[in-house]
Amino acid sequence: MKIKSFLAKPFAHYIYKGIRKGMTTAVADQENILKELLKTGKATEFGKDHHLQDINVHEEYVQAVPVRDYEQFKPYIEKIKEGKHNVLWKGLPIYLAKTSGTTSGVKYIPISKESIDNHINTARNALLCYIAESGNTNFTDGKMIFLSGSPELERIGGIPTGRLSGIVNHHVPSYLRKNQLPSYETNCIDDWETKLDRIVAETITQDMTLISGIPPWAQMYFDRLIEKSGKKIKELFPNFSVLVHGGVNFEPYRNKLFESIGGKVAAIETFPASEGFMAFQDSQDAEGLLLNTNSGIFFEFVPANEIFNANPTRLSLKDVKVGENYALLINSNAGLWGYNIGDTVKFVSTNPYRLVVTGRIKHFISAFGEHVIGEEVEQSLIKAAEEEGVHITEFTVAPMITQGKGKSYHEWFIEFENKPENLDRFAEKVDVNLRNKNIYYNDLITGNILLPLHIRPVKKHGFIDYMKSIGKLGGQNKVPRLSNDRNIASALEKYVE
């Protein structure tokens, strides 16, 4: 056993013990975080605008600070970009995380001296929990992919600015640097396909033990490795034992990824965002991700069907219920207040507080009042695919609105790894699954307002070609699962078989 793996186990147990203790104090920790945030925030421009000095409890906070998305927060962010101090948090942020959001174009999210640990330590804690539970430390001695955006940073208002993954790259502990791939030079490449080829060249002969990335990226990487070598991933990397993933629901990708791997590896799910690292998988045996309740973020939860109301219900952690769909708000020590990050979540446990990500607030279909959400379409497709032995590469759904009663329908664009033997039967199964999950959709079908869904098979690599065409191939970019308009669907027409 090498020194790194030898030392990893006691450190993992030490951190894991603290995390287990935090499970029992989550509500109290959240209340303390709100108090600490208000203590610092009251001296900022935002704090003075919202009279934070007069707030003592969450109920008062809800009255004083409205729910905002990025566009509504932007006037404060613009002042920070001009170099103004004490706007949302004390002083200036130490970084601005630049992200191309699916709803707001380019966003600049502040990261403070106090909030950077949330991003760094949570990723570490996910791995340490796995070590403490499994006893596997061998992967710490091999090579690991920490794929990031370019670590080269620009300055805006004197503040280093770049992709979150590029910022985090600067904080990889020195003891992991020699294990880290790809090289700094490769991570600086902007063109995704050039970068992917370089990553493959740098890693194909290495002892890769951990690979991290969003599932679509991981699959592209695996496909390129298999194409180059003619071998499955475990044949290439026999010591590969840990796959770290996040950013999108893993389930639609699971079967194909593990078929490409060709052997057993542990999968660790994370829930990071530029705004904060929200949750992580702390156990291989328990469902859901452990909410990060003591890491500088005070969470609020809005019933998803109220998020666009003028004064939605805002719950703190102590009031959430298992099985309810909530829009997630954060208040953080980076200076985000009542901030709607755009994700919806559902608790699967409140002892401890574990959740699953169910979709994006603005990614839904309700062209006819059905309000179908991402979780429903994903589960409907996964169930049918498992029954039919079908593997899905990628998919998205949009409404097809035509004139006349009983002529409109939901159109599913699906890239199959292997097509169903009978596409009509497969489509019918998906449709029945969705009708069972969504009563409004079922009513529209039975009432002859909508036709059952239609499936349009997309040619191989069609989604990759589409993402390339809009300049969003690779990295953290992903295809929205569903849209309430035809913009993506219209662009995909040219990639249909």
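Cysteine 188 is buried, with a relative accessible area of 15%, where buried means under 20%, exposed over 50% and partly exposed in between, using a 1.4 Å probe and protein chains only. Cysteine 129 is buried as well, at 1%. The structure holds zero disulfides, a disulfide being a pair of cysteine sulfur atoms within 2.5 Å.

Keep in mind that this is a predicted model, in which local features need pLDDT of at least 70 and side-chain atom pairs count only at pLDDT 80 or more, while totals for chains, interfaces and linings use all residues. Residues are numbered from 1 along each chain as its sequence is written, and side-chain values use heavy atoms, leaving out hydrogens and water.

**Aromatic rings**

- A pair of aromatic rings is described by the distance of the centres and the angle of the planes.
- The structure holds 19 aromatic pairs; rings of Phe, Tyr and Trp (its six-membered ring) pair if their centres lie within 6.5 Å, and planes under 30 degrees apart count as stacked, over 60 as edge-to-face and the rest as tilted.
- One of these is stacked, because the rings of phenylalanine 46 and phenylalanine 73 have their centres 5.9 Å apart and their planes at 20 degrees.
- This pair links distant parts of the chain, with phenylalanine 46 in helix H3 (residues 45–49) and phenylalanine 73 in helix H5 (residues 70–81), 27 residues apart; helices (H or I, at least four residues) and strands (E, at least two) are DSSP runs, numbered from the N terminus.
- Phenylalanine 46 is buried at 0% relative accessible area, and phenylalanine 73 is buried at 0% too.
- Phenylalanine 250 and phenylalanine 258 form an edge-to-face pair, 6.2 Å centre to centre with 80 degrees between the planes.
- In that pair, phenylalanine 250 is buried at 2%, whereas phenylalanine 258 is partly exposed at 22%.
- Ring pairs also join Phe46, Tyr61, Phe73, Tyr76, Trp89, Trp337 and Tyr339 into a cluster.

**Two helices packing**

- Helix H15 (residues 423–437) packs against helix H16 (residues 439–446) at an angle of about 120 degrees, with their axes 5 Å apart; axes are lines fitted to C-alpha atoms, for helices over the stretch in contact, and angles run from 0 to 180 degrees between N-to-C directions.
- H15 and H16 are therefore oblique to each other: angles under 35 degrees count as roughly parallel, over 145 as roughly antiparallel, 65 to 115 as roughly perpendicular and the rest as oblique.
- H15 brings Asp431, Leu434, Arg435 and Lys437 to the contact, and H16 brings Ile439, Tyr441, Asn442, Ile445 and Thr446; contact means heavy atoms within 4.5 Å.

**Prolines**

- Proline 399 sits in strand S18 (residues 391–400) and is buried at 2%.
- Proline 399 and serine 483 are 84 residues apart in sequence, yet 7.7 Å apart in space, C-alpha to C-alpha.
- The peptide bond from leucine 181 to proline 182 is cis, with omega near -5 degrees, and proline 182 lies in the loop between strand S6 (180–181) and helix H9 (184–187).
- A cis bond also runs from asparagine 351 to proline 352, with omega near 5 degrees.

**Positive phi angles**

- Asparagine 448 is not a glycine, yet has a positive phi of about 60 degrees; asparagine 448 is partly exposed at 42%.
- Histidine 461 has a positive phi near 70 degrees and is partly exposed at 36%.
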